[in-house]
Amino acid sequence: MTHLLLTDNTKLEVNRWGIPEPTDGIPIPESKIDVVFVPSLAFDDNGNRVGYGKGFYDKFLSQCNPETIKIGLSFFAPEKEIEGVMSTDIKLDYCVTPLKIYSFN
């Protein structure tokens, strides 16, 4: 996964999953990223999340600074508890839904 600085002049192209992504730009190392918005299918009262099952975000977030703020985005309220949380799963600091912002700190 490559991380690029997004500017007004950055060209975006829709990838095979229907997600617009930059085609060129200035590379940014994980150590310089302060905030990450994380898509979530579900999350729980403890900040654990369920994504799309490939582990891309957990791998990426494990390379970021521990101080990097992780903000989940979800259409739904939290579950009480997500079962099967693994030691490699990275917790959210916040989650934004259409009705509320949840904080896990």
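In this predicted model, Gly72 is placed in strand E6. Gly72 has a relative accessible area of 0%, and Gly72 is therefore classed as buried. When residues up to four places away in sequence are set aside, Gly72 touches Val38, Ser40, Leu92, Tyr94, Cys95 and Val96. A separation of 46 residues in sequence lies between Gly72 and Ile26, and their C-alpha atoms are 25 Å apart in space.

Strands of a sheet pair through backbone hydrogen bonds, and the pairing is either parallel or antiparallel. What is the order of the strands in the open sheet? The sheet has 4 strands in the order E3-E6-E7-E8, and the pairing is mixed. E3 and strand E8 (101–103) are the edge strands, each of which pairs on one side only. On average, and with direction ignored, neighbouring strands of this sheet are turned by 20° against each other.

E3 and E6 run parallel and are joined by 5 bridges. Two residues of E3 illustrate this arrangement. Val38 has Gly72 as its bridge partner in E6, and Phe37 has Ile71 as its bridge partner in E6. Helix H1 (residues 56–63) lies across both E3 and E6, and the helix runs at about 165° to E3.

Which residues of E3 belong to the covered face, and which to the uncovered one? Val36 and Val38 form the covered face, whereas Val35, Phe37 and Pro39 form the uncovered face. Val35, whose place is in strand E3, counts as partly exposed because its relative accessibility is 37%.

Val35 and Phe37 also take part in a nonpolar surface patch of about 530 Å², together with Ile69, Leu73, Tyr94 and Ile101. Strand E3 (35–39) and strand E6 (69–73) are the elements that give two or more residues to this nonpolar patch.

**Two buried loop residues**

Ser40 lies in the loop between E3 and strand E4 (42–43). Because its relative accessibility is 8%, Ser40 counts as buried. Apart from residues up to four places away in sequence, Ser40 touches Arg49, Val50, Gly72, Leu73, Ser74 and Leu92. Ser40 and Cys95 are 55 residues apart along the chain, and their C-alpha atoms are separated by 8.9 Å.

Asn48 is found in the loop between E4 and strand E5 (49–50). Is Asn48 buried or exposed? Asn48 counts as buried, because its relative accessibility is 9%. With neighbours within four places in sequence left aside, Asn48 is in contact with Ala42, Phe43, Ile82, Val85 and Lys91.

**Salt bridges**

Side chains of opposite charge can pair when their charged atoms come close. How many salt bridges does the structure hold? The structure holds 2 salt bridges. One of them is formed by the side chains of Asp45 and Lys80, with a distance of 4.0 Å from N to O. Asp45 lies in the loop between E4 and E5, and Lys80 lies in the loop between E6 and strand E7 (94–96), so this pair ties together parts that are 35 residues apart in sequence.

Asp93 forms a salt bridge with Lys70, and their closest N and O atoms are 3.2 Å apart. This pair links distant parts of the chain, since Asp93 is in the loop between E6 and E7 while Lys70 is in strand E6, 23 residues away.

| Residue | Relative accessibility | Class |
|---|---|---|
| Asp45 | 39% | partly exposed |
| Lys80 | 69% | exposed |
| Asp93 | 14% | buried |
| Lys70 | 9% | buried |

The classes in the table follow from two cut-offs, because buried means under 20% relative accessible area and exposed means over 50%, with partly exposed in between. Asp93, at 14%, is therefore buried, and Lys70, at 9%, is therefore buried. In the other pair, Asp45 is partly exposed at 39%, and Lys80 is exposed at 69%.

Conventions
Residues numbered from 1 in each chain as written. Predicted model: local features only at pLDDT ≥ 70, side-chain atom pairs only at ≥ 80, totals over all residues. Heavy atoms only, no water. Patch = residues over 30% accessible without salt bridge, like charges linked within 9 Å, V, L, I, M, F, W, Y side chains within 5 Å. Areas by Shrake-Rupley, 256 points an atom, 1.4 Å probe, with all protein chains shown as cover. Buried < 20%, exposed > 50% of the residue type's maximum accessible area, 1.4 Å probe, protein only. Pairing = 2+ DSSP bridges. Axes fitted to C-alpha atoms, helices over the stretch in contact; angles between N-to-C directions. Contact = heavy atoms within 4.5 Å.
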